[in-house]
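Student: I have a model open and want to learn how to read it. Where do we begin?

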Amino acid sequence: DSADRGRYRHFMEKEIHEQPEAIATTLNAHLDGTRICPSLDPELLGRVRAIHILACGTSYHAGLVARYWIERLARVPVSVEIASEYRYREPAIPEDTLLIAISQSGETADTLAALERAEHAGYLSTLGICNVPESALTRQCENVLMTRAGLEIGVASTKAFTTQLTVLLLFAAALAKAREADPGMIRQVLEDLGQASQQAREVLAMDGEVQQVAEEIASKAHALFLGRGPEYPIAMEGALKLKEISYIHAEAYAAGELKHGPLALVDDTLPVIVPASSNPLLTKLISNLQEVRARGGMLYVFADRGVSLAPAPGIRMIRVPAPHSIISPIIQVLPLQFLAYHVGVLKGTDVDQPRNLAKSVTVE
Ligand code: G6P
């Protein structure tokens with residue numbers, strides 16, 4: 001087992017570092033010259049009028065990011081739902097809806113049950129996004145796009161998540177193309193995706209800086225994550241990672257909801273962790289951050305190159321060495337994975353096998 005971990009202390013650390021390669025391998029698997037996701041029938045894609053995405057845990061967060069991408073690029077309405085909720089309700093399914101199930105393992109009981117339930121519900125077709133070939137999910141779906149993360153051992157998903165995002169952005173581009181979207185826009189997405197692996201490599205070099213932040217967070221009882229736009233699900237994923245690995249109570253809010261509750265929690269004992277991308281919502285995000293500062297909350301802002309936020313007491317800026325682009329969520333999650341990892345190590349938890357959790361939840 002120590003041989004498999006190579007020079008790393010834990011599988012989670014190793015798997016975080018494997019992401020640049022996993023992203024590149026996944027990208028290559030689904031691009032063939034100018035053809036995007038060549039395994040999917042363009043005629044089928046052209047017929048899609050709506051999308052339902054089902055998943056659990058980290059895979060659910062990947063689905064939430066994908067909603068921003070698919071609606072923006074392909075102009076197809078998307079709903080994203082936790083599989084354990086979907087399987088017991090009576091969803092209304094519009095005509096020509098594609099069902100997408102996302103699962104690293106392909107064996108999550110609720111996701112499989114939701115898929116089974118959907119089989120006779122009148123969907124146009126089903127698409128599985130999965131990391132394990134020959135899993136129950138890949139057998140059950142009519143179409144499959146594999147993530148090429150390789151074996152993921154750490155219970156907390158890292159490289160499976162970023163490769164799911166890679167596949168989902170490719171899928172959004174393929175769908176946009178089938179619906180005759182602006183070719184320039186699609187080219188730009190592919191160009192940005194082409195930068196993802198290298199940008200991920202540069203961001204992983206921030207490890208030391210993130211470790212310093214971890215030292216400040218490790219003594220806290222609670223943490224609040226805030227995000228806007230596609231960084232909101234990334235804030236959710238950051239909070240999930242922190243609670244799984246370090247047992248610190250963490251929750252994520254859409255920054256615009258601050259005044260509807262979480263602001264009441266903010267005082268000088270609460271760290272507020274923010275993935276910030278220089279997207280058009282930045283000024284709004286910054287005004288949310290000022291609200292937090294005014295109540296004494298300590299801010300940790302993971303800001304890309306384009307974010308200009310004046311340094312001030314109580315605001316710690318951690319510079320993410322990447323520009324803003326459509327791939328920002330893939331890049332922004334990396335320092336949050338490191339943060340959870342280092343806080344876990346500092347607290348002495350079993351980071352690869354957190355208490356009470358399993359890699360794959362195969363019973364309800
Ligand atoms: C468990 C794992 C998570 C994973 C979730 C969904 O909770 O600990 O890391 O995200 O299951 O698993 P799946 O294999 O369906 O993606």
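This is a predicted model: local features need pLDDT of at least 70, side-chain atom pairs count only at pLDDT 80 or more; totals for chains, interfaces and linings use all residues.

Student: How many residues surround the ligand, and which are the closest?

Tutor: The ligand is surrounded by 16 residues. The closest are Gly 57, Thr 58, Ser 103, Ser 105 and Thr 108.

Student: How do the residues of that shell divide into nonpolar, polar and charged?

Tutor: Five are nonpolar, 10 are polar and one is charged.

Student: Now the sheet. What holds strands together in general?

Tutor: Strands of a sheet pair through backbone hydrogen bonds, and the pairing is either parallel or antiparallel. Here, five strands form an open sheet in the order S9-S8-S10-S11-S12, with parallel pairing. Its edge strands are S9 (249-254) and S12, each of which pairs on one side only. On average, neighbouring strands of this sheet are turned by 20° against each other, direction ignored.

Student: Which helix packs on the sheet?

Tutor: Helix H13, residues 328-347. H13 touches S10, S11 and S12, and its direction makes about 125° with that of S12.

Student: Take S11. Which strands pair with S11, and over how many bridges?

Tutor: Strand S10 (residues 271-276) pairs with S11 in the parallel sense over six bridges. Strand S12 (residues 315-320) also pairs with S11 in the parallel sense, over six bridges.

Student: What do S10, helix H12 and S11 make?

Tutor: A right-handed β-α-β unit, with H12 spanning residues 282-294.

Student: How do I read the two faces of a strand?

Tutor: In a regular strand, side chains alternate between the two faces of the sheet. In S11, Met 298, Tyr 300, Phe 302 and Asp 304 lie on one side. Leu 299, Val 301 and Ala 303 lie on the other.

Student: Why is S11 called largely enclosed?

Tutor: Seven of the seven residues of S11 (residues 298-304) are buried, so the strand is largely enclosed by the rest of the structure.

Terms used. Residues are numbered from 1 along each chain as its sequence is written. A residue is near a molecule or strand if its C-beta atom, placed from the backbone, lies within 6 Å of it. Ala, Val, Leu, Ile, Met, Phe, Trp, Tyr, Cys and Pro count as nonpolar, Asp, Glu, Lys and Arg as charged, and the others, Gly among them, as polar. A residue is buried if 20 or more other C-beta atoms lie within 10 Å of its own, exposed if 12 or fewer, and partly exposed in between; C-beta atoms are placed from the backbone. Helices (H or I, at least four residues) and strands (E, at least two) are DSSP runs, numbered from the N terminus. Two strands pair if DSSP finds at least two bridges between them. A crossover is right-handed if, with the strands pointing away from the viewer, the path from the first strand over the helix to the second runs clockwise. Axes are lines fitted to C-alpha atoms, for helices over the stretch in contact, and angles run from 0 to 180 degrees between N-to-C directions. Two residues are in contact if their C-beta atoms, placed from the backbone, lie within 7 Å.
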